[in-house]
Amino acid sequence: MSTLIAIITGVGLVLFAMNMGAGIENFWDLPAFMIVVGGTSAAMFICFPLPQIMRVFGVLRQIFLADDAGPGGIIALFVRLSFKARQQSLLSLEEDMKRIENRYIKQGLEMVIDGHPGHLIRDVLETELDFVQVRHRKGEHIFRTASKLAPAFGLMGTVIGLVQMLLGLADATAAGTNATEVLARGMAVALMTTFYGVLLSNLFFAPIAEKLHVKTDEEHLNTQVIIEGVLMLQSGVNPRIIERKLNSYLSPQQRVKVYDEYLRRQRTAAPQ
């Protein structure tokens, strides 16, 4: 949600600033748009295979998804599951597994309940994480490449515009018409492509690439917490130790304290 708000705010402020000056209609130029957008799109299809570019729309959806509970929520979940597993059994977690949406946790719990050894569980989850990161990095690479190409095509459009402007200036001088007006209009059109290229690069492509990079790092951290949580859950580690160990992955500001709260609830719920 914050990403969508930031994009709307950014576009709105740029459009408002453009309208305050010469008027927003003066910033539209079809040939300049075709050079920047068409040229960047063509170059992207040259750089990357078509299936990889088509998959980027699925990756792009990630930047608009709401943030999940994060590592703090994951730690709280494993502490709760550990309490239940110690009081009942690992098989009792099957019902909890059905309500969990995170596929790493669900996959890990499924393997724990099925009785797979810890080294195999770690290997499967880490392999899954590696290939998810590869897919995310490819999406990030596509947008980072587009952020470099768009300004380049903007500059190329400016050169084309300057050439056309100088030719028009020569014709105007030969015809004895107002050369200054031809020069001013030609320069404005020539700079329009640079504007389009810089706008697309800095307001869309580069921020999206950086957001995908941040999302990938967050997912890597969450998955590392999940892998350790699943393995400690399988080993029957004390919930307090699970909380301490998983909190060690986080900064002091991110750490959570949920063990005492669950313990208090257990004692309150226990028959007197």
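## Terms and basis

Buried means under 20% relative accessible area, exposed means over 50%, and partly exposed lies in between (1.4 Å probe, protein chains only). Lys148 is exposed, because its relative accessible area is 62%.

This is a predicted model: local features need pLDDT of at least 70, side-chain atom pairs count only at pLDDT 80 or more, and totals for chains, interfaces and linings use all residues. Residues are numbered from 1 along each chain as its sequence is written, and side-chain values use heavy atoms, with hydrogens and water left out.

Lys148 sits in helix H7 (residues 118-175). Helices (H or I, at least four residues) are DSSP runs, numbered from the N terminus; strands (E) need at least two. Ser89 is 59 residues away from Lys148 along the chain, and their C-alpha atoms are separated by 55 Å.

Gln52 belongs to helix H3 (residues 50-60). Its relative accessibility is 15%, so Gln52 counts as buried. Setting aside neighbours within four places in sequence, Gln52 is in contact (heavy atoms within 4.5 Å) with Lys138 and Ile142.

## Thr193

Thr193 lies in helix H8 (residues 179-235). Buried or exposed? Thr193 counts as buried, because its relative accessibility is 2%.

A polar atom of the Thr193 side chain lies 2.8 Å from the backbone oxygen of Gly154. Not counting residues up to four places away in sequence, Thr193 touches Ala32, Ile35, Val36, Gly154, Gly157 and Thr158.

## H2 against H8

The axes of helix H2 (residues 30-47) and H8 come within 9 Å and cross at roughly 40°. That angle makes H2 oblique to H8. Axes are lines fitted to C-alpha atoms, for helices over the stretch in contact, and angles run from 0 to 180 degrees between N-to-C directions. Angles under 35 degrees count as roughly parallel, over 145 as roughly antiparallel, 65 to 115 as roughly perpendicular, and the rest as oblique.

H2 passes H8 in a right-handed crossing. Right-handed means that the near helix is turned clockwise from the far one by less than a right angle; anticlockwise is left-handed. H2 supplies Ala32, Phe33, Ile35, Val36 and Val37, which meet Met192, Thr193, Tyr196, Gly197 and Leu200 in H8. These contact residues divide into eight nonpolar, two polar and no charged. Ala, Val, Leu, Ile, Met, Phe, Trp, Tyr, Cys and Pro count as nonpolar, Asp, Glu, Lys and Arg as charged, and the others, Gly among them, as polar.

## H6 against H8

Helix H6 (residues 103-113) and H8 have axes that come within 10 Å and cross at roughly 20°. H6 is therefore roughly parallel to H8. Their crossing is right-handed.

From H6, Arg103, Tyr104, Ile105, Gly108, Leu109 and Val112 meet Glu219, Thr223, Ile226, Val230, Leu233 and Gln234 in H8. The contact of H6 with H8 holds seven nonpolar, three polar and two charged residues.

## H8 against H9

H8 packs with helix H9 (residues 239-247) at an angle of about 160°, their axes 10 Å apart. H8 is therefore roughly antiparallel to H9. The crossing of H8 and H9 is right-handed.

On the H8 side, the contact is made by Val225, Glu228, Gly229, Met232 and Leu233; on the H9 side, by Ile242, Lys245 and Leu246. The residues of this H8 and H9 contact divide into five nonpolar, one polar and two charged.

Methods
Polar contact = N/O pair within 3.5 Å; in protein donor to acceptor, adjacent residues only side chain to side chain.
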